[in-house]
Amino acid sequence: MKLSACGKVELKYFNTNITKVLEAINHNSCLYKKIGIDKNGNIKNCPLMKENFGNIDKNRLDEAISQPGFKKYWNLTKDNIESCKDCEFRYVCTDCRAYTEGSAQNKAGLDISKPLKCGYNPYTGEWKDWSKNPLKKKKFNSLESK
């Protein structure tokens, strides 16, 4: 599935709704309480993630949600994501776990690397076009081809 806006980190996508900000402080800003179905009917936490937890033609949604691992990213906040944990925008920014730099995991095996489509550097305060970074572009193309 190719969704051009999915996972992008840009000012226009920031959400300053107080309910969403409070949720982002305590939970993952993209995956918490989310369920998706991909084009093949596979039930996933996000349609772009690899792991599936059943198929809509064979399984009920409540069965899929009860599968081990379905909620594993629900409580992974930006305070635990590399680079994001130091970012002043972390509670208004959506956290994509489908498109990440793939450079770090925590002790539980969760991907805690920076979102791939983020061009912001919280240490310098500079925005750059993530798609012009050759390493990020290569990683994105390899994810899209799967």
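Tutor: Let's start with the elements: helices (H or I, at least four residues) and strands (E, at least two) are DSSP runs, numbered from the N terminus. Bear in mind that this is a predicted model, where local features need pLDDT of at least 70 and side-chain atom pairs count only at pLDDT 80 or more, while totals for chains, interfaces and linings use all residues. Residues are numbered from 1 along each chain as its sequence is written, and side-chain values use heavy atoms, with hydrogens and water left out.

Student: How many helices and strands does the protein chain have, and in what order do its elements run?

Tutor: There are three helices and four strands in the protein chain. Starting at the N terminus, the order is α-β-β-α-β-β-α.

Student: What makes the protein chain as compact as a globular protein of that length?

Tutor: Compare two numbers. The radius of gyration is taken over C-alpha atoms, and the globule rule is 2.2 Å times the number of residues to the power 0.38. For 146 residues the rule gives 15 Å, and the protein chain's radius of gyration is 15 Å, close to that, so the chain is as compact as a globular protein of that length. Its C-alpha trace spans about 50 × 35 × 30 Å along the principal axes.

Student: Where is I35, and why does I35 count as partly exposed?

Tutor: I35 sits in the loop between α1 (18-26) and β1 (36-37). Buried means under 20% relative accessible area, exposed means over 50%, and partly exposed is in between (1.4 Å probe, protein chains only). I35 has 34% relative accessibility, so it counts as partly exposed. Across the 146 residues of the protein chain, 41% count as buried.

Student: Which residues make the nonpolar surface patch, and what area does it have?

Tutor: I35, I37, I56 and L61 make it, and it covers about 290 Å². Such areas come from the Shrake-Rupley method with a 1.4 Å probe, and for residues only the protein chains shown count as cover. Patches take residues with over 30% relative accessible area and no salt bridge; nonpolar side chains (Val, Leu, Ile, Met, Phe, Trp, Tyr) are joined within 5 Å, like charges within 9 Å.

Student: What makes the largest nonpolar core, and which residues have the most contacts inside it?

Tutor: A nonpolar core is a set of buried Ala, Val, Leu, Ile, Met, Phe, Trp, Tyr and Cys residues joined through side-chain atoms within 4.5 Å. The largest has 24 residues, and L31, C46, M49, Y73, A98 and Y99 have the most contacts inside it. Another core, of eight residues, lies apart from it and includes F14, C87, V92 and C93.

Student: What is M49 in contact with?

Tutor: Contact means heavy atoms within 4.5 Å. Setting aside neighbours within four places in sequence, M49 is in contact with L31, K44, Y73, R97 and A98.

Student: What makes phi of K33 and S83 worth a look?

Tutor: Most residues other than glycine have a negative phi. Phi of K33 is near 60°, a positive value, and S83, also not a glycine, has a positive phi of about 75°. K33 is in the loop between α1 and β1 and counts as exposed at 62% relative accessibility. S83 is in the loop between α2 and β3, and its 14% makes it buried.

Methods. A salt bridge is a side-chain nitrogen of Lys or Arg within 4 Å of a carboxyl oxygen of Asp or Glu.
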